[in-house]
Structure formats: structure tokens, C-alpha cells
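Welcome to this guided tour. Open your viewer, and we will go from stop to stop together, selecting residues along the way.

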Amino acid sequence: MLHVAMLESELQRLTRHLEADPHQSQVHIQRGMTYFKLGHIAEAITDFDRAEHLNPTLTPYLWQRGLAYYYAERFADGARQFAVDLTVNRHDVEETVWHYLCQAQVQDAPAARAGLLPVRHDSRAVMGWIYKLFAGECTVETVFAQYRDATQPEHFYSHLYIGLYYEAERDAARARQYITQAAAMQVVDDYMGWVALVHQRRRGWG
């Protein structure tokens, strides 16, 4: 509950800033991210949309909106957002995977895999293995074998994305198992840590 109180305080602070000057696109993004962390997905999307309206050059950088679209079940919009994002950042496995996740909901996992966008390089080793998993080039067991003695962030990312992989595969039991484990790590200094918590709450797995 401490985290919720801090987020609500941050939300009030950002709202005061926007009441004084509603034309601050970056503040709209910050407030949208805070709304998202609190699980207020529609409000988050509204803020991200407002930021884009104020500064259209932000469109390929609004990955936060893509995540919000996923949890709003606006999967086609999410796929479009991540596809645009990848025109300026083709080295990011996460955005590629989220594009896949949205496509898997619009169609299915095999279709998403067939359209998986190539990534030349991501500096994070764990994300390289996650990419191989989604591409069908390795198994879940192979990913975990790489990170038995890993740091907490590596454990977190492997559990989160394996859970998401299973959600795309329509395996709700395994998705719940791994995303619940990721959420329990409470990686709240990382936005993706909040994604795990939001996912857990939205699915009623708390």
C-alpha cells in the first residue's frame, strides 16, 4: 500500500503541473505512466494521446501507450504502436516481443511468430534468449538454464517474458505461474516491474 500512496501523491503533483500549464507533453507522459502503474489504463491512454497531440514527433517513442493498449485489449492499436516504435529502435527486443504479443491476440501465436520482426542486437543477454524463445529457436528450459545463478533483474525479465510467452500460447496456468512470480519480485524501480504488477491485477491473480 505504500507504493500506492506514493503513486497517488505523484499523480496529484503532476495534475497540479498540468492545471498550471496543460501544454507540457512530457508531463502528460509522466502522468500517463503513473496512471498505468495504478491500473487506470483508460486514463493513461488519454494522457499519452494528449502528449502525442501536443507533440506529434513523439509518436514512435510512445511505447508506454503500446503497453496500455495491450491491457485495454486494443491489440491492433498496440501492434501498430510497436511497429512504429521499431522504425526508430530496431535493436529493442522488448518492443519486438510486445508487437508479437499484440499480434498473437489479434491472430494467434504461430501467425505472430511468422511475422516476428528481426532484431540485430540487444545489449542485454537475457533479452537475446527471450527473443530466441519467441522466435521458436529455443525452449523455456533453455532460457532458465542460462539464468539459474543470475541477478534479480535477469530473473525478473526471464519470468515476466516467459509468462507473457505462455499467455500468447493461450496457456493461462503457466502464464499465471510465471507472471505471479515476476510480480512477487517487486521490481518497482523498473517500469516493467509495474507491468508485471498491473498484469497480475488485471487478470485477477493477486
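## First stop: Leu 86

Select Leu 86, which sits in the loop between helix H5 (75-85) and helix H6 (93-106). Keep in mind as you look around that this is a predicted model. Is Leu 86 buried or exposed? Its relative accessibility is 1%, so Leu 86 counts as buried, because the cut-off for buried is under 20%.

Now show what surrounds this residue. If you leave aside neighbours within four places in sequence, Leu 86 is in contact with Asp 92, Glu 95, Thr 96 and Leu 117. Next, select Val 119 as well: it is 33 residues from Leu 86 along the chain, and the two C-alpha atoms are separated by 9.5 Å.

## Second stop: the whole chain

Zoom out and switch to a cartoon view.

Turn the model around slowly. Along its principal axes, the C-alpha trace spans about 50 × 35 × 30 Å. A compact globule with 206 residues would have a radius of gyration near 17 Å, and the protein chain agrees, with 17 Å. Buried residues make up 49% of the 206 residues. Among contacts with a separation of 6 or more, 56% are accounted for by residues 24 or more positions apart.

The accessible surface comes to about 9900 Å², and 51% of it belongs to carbon and sulfur atoms. If you color by charge, you can look for 20 positive and 25 negative charges, whose mean positions are 2 Å apart.

In soluble globular proteins, nonpolar side chains tend to be buried together. In this model, the largest nonpolar core has 67 residues. Select Phe 36, Trp 98, Tyr 100, Leu 101, Tyr 161 and Met 192, the residues with the most contacts inside that core. Which helix gives the most to this core? That is helix H10 (residues 152-168), with nine residues.

Stay with Trp 98 for a moment. Setting aside neighbours within four places in sequence, Trp 98 is in contact with Leu 67, Tyr 70, Tyr 71, Phe 82, Tyr 161, Leu 164, Met 192 and Val 195.

Select Glu 73, in the loop between helix H4 (63-71) and H5. Glu 73 is not a glycine, yet it has a positive phi of about 60°. With 60% relative accessibility, Glu 73 counts as exposed.

Then go to Arg 170, in the loop between H10 and helix H11 (172-184). Arg 170 is not a glycine either, and its phi is positive, about 65°. Its relative accessible area is 47%, so Arg 170 is partly exposed.

## Last stop: Asp 47

Finally, select Asp 47 in helix H3 (residues 41-54). Why does Asp 47 count as buried? Its relative accessible area is 2%, and buried means under 20%.

Show the residues around Asp 47: leaving aside those within four places in sequence, it is in contact with His 28, Arg 31, Gly 32 and Tyr 35. To end the tour, draw a distance from Asp 47 to Asp 190. They are 143 residues apart in sequence, and 20 Å apart in space from C-alpha to C-alpha.

Key
Residues numbered from 1 in each chain as written. Predicted model: local features only at pLDDT ≥ 70, side-chain atom pairs only at ≥ 80, totals over all residues. Heavy atoms only, no water. Rg over C-alpha atoms; globule rule 2.2 N^0.38 Å. Buried < 20%, exposed > 50% of the residue type's maximum accessible area, 1.4 Å probe, protein only. Contact = heavy atoms within 4.5 Å. Areas by Shrake-Rupley, 256 points an atom, 1.4 Å probe, with all protein chains shown as cover. Lys, Arg positive; Asp, Glu negative; His and termini not counted. Charge placed at Lys NZ, Arg CZ, Asp CG, Glu CD. Core = buried A, V, L, I, M, F, W, Y, C linked by side-chain atoms within 4.5 Å. Helix = DSSP H or I, 4+ residues; strand = E, 2+ residues; numbered from the N terminus.
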